[in-house]
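Here are my notes for your first look at this model. Keep the structure open while you read.

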Amino acid sequence: MQTVTQLGVSNKLRSLFETAANVLVLTGAGVSAESGVPTFRGGGNTAVWKGMPFEIISSAGMLERDLRAVWEWFNYRRGRLETLKPNPAHETIAGWQQQFKHFTLVTQNIDGLHQAAGSRDVIELHGNLWRARCFDCGQRHELRELRMDHDVPVCIDCGGHMRPDVVLFGEMLPPGAFERAAHEAENCELCFVVGTSAVVYPSASIPEIARAAGAYVVEVNPEATPLSDLCDEVLTGKAGEILPMLSEARA
Ligand code: OAD
């Protein structure tokens, strides 16, 4: 069985893990890989659905061209997620909320698995697959609460048609989400970057902001990324194995 010592965790990280009062975690698709959610890059998972590449069917332009097709695609993605469960990485991160005095979880994932593991107040930079947003009044609602009009959800508040509450290609991040994450990054002492290829901005700038403000930045990923060189420490391996071992080392 692999031990934390074999992971090569530095004394600096062990000590910070004991004493840090303000910790931030940024996650990407890799944190859900061990739950069975495909990542976007690597592993030959380039998504094509009904002949349309991911970046076309998931684009802002497609909302105008064919809203029903967009919903069909997101319904399909939700269907594939329905039976998937959080893995030890999600569970460990949820536990950190109680361990550190001030803890912030920022995710690029839309799968809701952090919340399913018990994480609260998650800063969702790219939205959430289980919610819809009204075109007319802007209200957000859980999809399971909504009735459909020709396969398009209808807003409980104003009766307007709704869209997935997800950031599509060609769109800005939800108002305030990046600003809140950047503010927390500026103030954290320890920052973990878990399971992201760190190529999509502005999300990938969160660890850069933390590092520039003096935080100790640790990457957890089986592969090197463009951020690896900036990090103080790189733990090479799967999040579902490394994060629980880190937690055990603290106890
Ligand atoms: P990517 O698919 O780009 O990167 C996944 C990362 O996870 C890679 O660096 C893998 O090496 C790593 N990985 C794979 N398995 C892992 C494991 N078990 N433990 C830890 N890491 C593992 O996913 P993101 O970086 O999240 O945006 O992609 C960012 C954004 O690109 C997504 O949020 C999405 C996409 O366009 C939108 O849809 C708006």
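**Notes on a loop, a ligand and a helix**

1. His150 sits in the loop between β8 (148–149) and β9 (152–153). Strands here are DSSP runs of E with at least two residues, and helices are runs of H or I with at least four, numbered from the N terminus. This is a predicted model, where local features need pLDDT of at least 70, side-chain atom pairs count only at pLDDT 80 or more, and totals for chains, interfaces and linings use all residues. Residues are numbered from 1 along each chain as its sequence is written, and side-chain values use heavy atoms, with hydrogens and water left out.

2. Most residues other than glycine have a negative phi. His150 has a positive phi, near 50°. His150 is exposed, at 60% relative accessible area. Asp151 is in the loop between β8 and β9 too. Its phi is positive, near 70°. Asp151 is partly exposed, at 47%. (Buried is under 20% relative accessible area, exposed over 50%, partly exposed in between, with a 1.4 Å probe and protein chains only.)

3. Pro202 lies in the loop between β11 (190–194) and α10 (205–212). A cis peptide bond links Tyr201 to Pro202, with omega about 10°.

4. Now the ligand. A polar side-chain atom of Asn221 is 2.7 Å from a ligand oxygen atom. (A polar contact is a pair of N or O atoms within 3.5 Å.) A backbone N or O atom of Gln108 lies 3.2 Å from an oxygen atom of the ligand.

5. Which residues of helix α2 (residues 11–19) are buried? They are Leu13, Leu16 and Phe17. The face turned away from the buried side carries exposed Asn11 and Thr19.

Technical notes: A polar contact is a pair of N or O atoms within 3.5 Å; within protein, one must be able to donate a hydrogen and the other to accept it, and residues adjacent in sequence count only if both atoms are side-chain atoms.
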